[in-house]
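Please look through the structure shown here, with an eye to its charged side chains and to the way its strands pair. The report below takes up these two topics in turn.

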Amino acid sequence: MIKERIILGIDPGTTIMGFGLIKVVGKNMKFLQLNELDLKKYSDHYLKLKLIFERTIELIDTHNPDEIAIEAPFFGKNVQSMLKLGRAQGVAMAAGLSREIPITEYLPKKIKMAITGNGNASKEQVAKMLQSLLGLKTIPKNLDATDGLAAAVCHFYNSGRVEIGKSYSGWDAFVKQNPKKIG
């Protein structure tokens with residue numbers, strides 16, 4: 001019997017959250033959707049986090065993904081930006097964990113490497129490769145959506161490998177693997 005699964009990929013952000021969904025049937029992947037949640041018009045950071053949580057729950061309840069792949073924050077020079085990005089990632093993860101969906105984090109370089117073979121590829125190169133791999137007719141203007149889709153495709157390529165990143169199957173697993181993050 002051929003196993004089917006749906007992977008939700010998320011590129012968290014407090015300005016734009018990108019996401020993409022693929023369906024995996026056996027060893028083949030099929031494009032389902034990509035889009036973004038535009039948060040630019042909101043100035044309240046806490047409202048943005050609430051909207052990220054609600055949109056992620058809505059995606060989960062609509063598409064019933066079996067797994068979530070999320071882009072891990074990269075370490076930048078601006079501490080405030082990192083904090084905001086980490087919070088955005090955290091609420092997206094909390095939404096998945098609240099529905100007991102396994103989550104795997106991938107570093108941006110690992111995602112780019114999985115899609116293009118080059119860990120330093122540009123967003124445009126990643127988008128073009130996804131367009132080719134999945135037969136997308138067009139590429140969105142903002143490439144945050146393709147970054148979310150890239151996380152899902154990266155997870156597909158890394159499935160079945162022993163080390164695929166940090167995975168959490170639920171709150172208990174997260175707490176056990178992150179004792180220092182729990183106060």
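Arg-55 and Glu-58 meet in a salt bridge, a term used here for a side-chain nitrogen of Lys or Arg within 4 Å of a carboxyl oxygen of Asp or Glu, and their closest N and O atoms are 2.7 Å apart. Both residues belong to helix 1 (residues 45-63), where they are three residues apart, about one turn of the helix; helices (H or I, at least four residues) and strands (E, at least two) are DSSP runs, numbered from the N terminus. Arg-55 counts as buried at 18% relative accessibility, whereas Glu-58, with a relative accessible area of 44%, is partly exposed. In these terms, buried means under 20% relative accessible area, exposed means over 50%, and partly exposed lies in between, with a 1.4 Å probe and protein chains only.

This is a predicted model, in which local features need pLDDT of at least 70 and side-chain atom pairs count only at pLDDT 80 or more, while totals for chains, interfaces and linings use all residues. Residues are numbered from 1 along each chain as its sequence is written, and side-chain values use heavy atoms, with hydrogens and water left out.

Side chains of opposite charge can pair when their charged atoms come close.

| Salt bridge | Closest N to O |
|---|---|
| Arg-55 and Glu-58 | 2.7 Å |
| Lys-23 and Glu-4 | 3.3 Å |

The salt bridge between Lys-23 and Glu-4 links distant parts of the chain, since Lys-23 is in strand 2 (residues 16-25) and Glu-4 is in strand 1 (residues 4-11), 19 residues apart. Lys-23 is partly exposed, with a relative accessible area of 26%, and Glu-4 is also partly exposed, at 47% relative accessibility.

Asp-147 counts as buried at 8% relative accessibility, while Lys-123 counts as partly exposed at 37%.

Strand 2, which holds Lys-23, also pairs with strand 3 (residues 28-38) in the antiparallel sense over ten bridges; two strands pair if DSSP finds at least two bridges between them. Strand 2 and strand 3 form a hairpin with two residues between them, and Gly-26 in the turn has a positive phi of about 65°. Val-24 stands opposite Met-29 in strand 3.
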